[in-house]
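Here is a short briefing on one chain. Look at the sequence and the fold, then read on.

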Amino acid sequence: MSQAYANAGEPSETTATQTASLFDRERRALSIGAIALVAMGAFEALAVATAMPTVARALDGLSLYALAFGGSLAASVVGMVAAGAWADRRGPAAPLRQGIAWFALGLLIAGLAPSMGWLLLGRVVQGYAGGLMSVSLYVAVGRTYPEALRPRIFAAFAAAWVIPAVVGPAISGAIVEHLGWRWVFLSVPALALAAAALVLPALRGLATPPAAADPVARTRLYWAVGAATSALLLHLAGHWPGIARWAGLALAVAALILCARRLLPVGSLRAARGLPTVIALRGLASAAFFGTEVFVPLLLSREHGWSPTAAGLVLTLGAVGWSTGSWYRGRPRQRYAAPQVLRAGLLGIALGAAAIAATLLPAAPVALGVAGWLLAGLGMGLVYPTLSVLALELSPPESQGINVSALQLGDALFTASVLAVGGTLFAALLPVAPSAAYLAGFGVSLALAALGAWLAPRVRPVG
């Protein structure tokens, strides 16, 4: 095994490493603009989550409430696949430019929507655009930042979620109350255009290495559409009555597995050593964390009587923990190897899910769950930048776009699948055994995080 792989994700200690900065003259505009785009995406996601109950009531669309989130996530799969091949062929600037434009258009459609159907269309457009932007930004990092700076920019991306996590819900609530829910969508396009003015000129003229031959290049987009459709079916089938629910879920799962095998690197679903395990761990970590997070506010408000604001502050603590872990991974000197960091992070997520679940016991203090969610956020902060760096280091330059696309694609597919399954179990068990309903979701998340911790050493390639 080469030394580069042995220390993947850990910056070398050269003079250049110590003096290089994200905000040197040649990278300043790109760094500021990229961080701003990430922060904008974070604010938009949190603001929409806060405003959506009001939106659904105003548009008489409460029955389609979950689809407003699931549709966006499913559409992002198509954007990710399209951006990966596009960035490898023409560089990251073109798909990033299109992503920003489509994102602004989706916000306008949603903000001006006369009905819930139009709002869902806007959310789907936003999801597709988000897929384009996220992969393009990752490829831009691989093409423009030296190896020593990549952990720092990924840590900065994670940190960019903290301020929106703290102030986003409050700002969104104030906008809904004083200006109307439409301005939650209509106020964001201006921020997107301002960030684009910094990022796009910095990517102009970026050299593009010859793209590797991809024998399935013409069909990847079709498989992505199939995966997105299957993910939507998985969400919808959970609400169907009787036997149709289980038949629909089985069909959706089978179709998702078939499409994922075509879209992800060979061996990803069985966690083959090297890059396939990196892809698998990203999906497992995301599914475990977000599969728990969606139930945290509901548990605190419904079972413990907390106000929505207080329950939301627990999610803020998770974001602070995430930023702290990312800050640690962005430091130039790292004591632990990547597999050790990944195992620690995934165990943190597992313990966080267990601590939240423990609050269902009468004798357990709610503070235990709060502390556990802070630990889970810290774990995600350790895992995400480490996997991002590994994905770039284990990919030749001409394949970075496809592989980064696969990293985020696995994230979306795993998370969408686990949320749909967890939501189905929760809905089925809640009327008869509320505690079991919560435990079903938390148990799935805990098992996925524990599986990821066990697989962590497999990020090292053979040899």
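Ser31 touches Leu22, Phe23, Tyr145 and Ile153, leaving aside residues up to four places away in sequence. Contact means heavy atoms within 4.5 Å. This is a predicted model: local features need pLDDT of at least 70, side-chain atom pairs count only at pLDDT 80 or more, and totals for chains, interfaces and linings use all residues. Residues are numbered from 1 along each chain as its sequence is written, and side-chain values use heavy atoms, with hydrogens and water left out.

**Ser31**
- Ser31 lies in helix H3 (residues 28-58).
- Ser31 has a relative accessible area of 0% and is therefore buried. Buried means under 20% relative accessible area, exposed over 50%, and partly exposed in between (1.4 Å probe, protein chains only).

**The chain overall**
- The chain has 19 helices and 0 strands. Helices (H or I, at least four residues) and strands (E, at least two) are DSSP runs, numbered from the N terminus.
- Of the 463 residues, 55% are buried.
- Among contacts between residues at least 6 apart in sequence, 83% join residues at least 24 apart.

**H6 and H7**
- The axes of helix H6 (residues 116-144) and helix H7 (residues 150-159) come within 10 Å and cross at roughly 155°. Axes are lines fitted to C-alpha atoms, for helices over the stretch in contact, and angles run from 0 to 180 degrees between N-to-C directions.
- H6 and H7 are therefore roughly antiparallel. Angles under 35 degrees count as roughly parallel, over 145 as roughly antiparallel, 65 to 115 as roughly perpendicular, and the rest as oblique.
- Their crossing is right-handed. That term applies if the near helix is turned clockwise from the far one by less than a right angle; anticlockwise is left-handed.
- Tyr138, Val141 and Gly142 of H6 meet Arg150, Ile153, Phe154 and Phe157 of H7.
- This contact of H6 with H7 has 5 nonpolar residues, 1 polar and 1 charged. Ala, Val, Leu, Ile, Met, Phe, Trp, Tyr, Cys and Pro count as nonpolar, Asp, Glu, Lys and Arg as charged, and the others, Gly among them, as polar.

- Helix H16 (residues 338-358) has 21 residues, which should span 30 Å at 1.5 Å a residue; its end C-alpha atoms are 30 Å apart, which agrees. The expected span is 1.5 Å times one less than the number of residues.
- In H16, 15 of the 21 residues are buried, so the rest of the structure largely encloses this helix.
- The axes of H16 and helix H19 (residues 434-455) come within 8 Å and cross at roughly 165°.
- That makes H16 roughly antiparallel to H19.
- The crossing of H16 and H19 is left-handed.
- The residues of the contact of H16 with H19 divide into 15 nonpolar, 2 polar and 1 charged.
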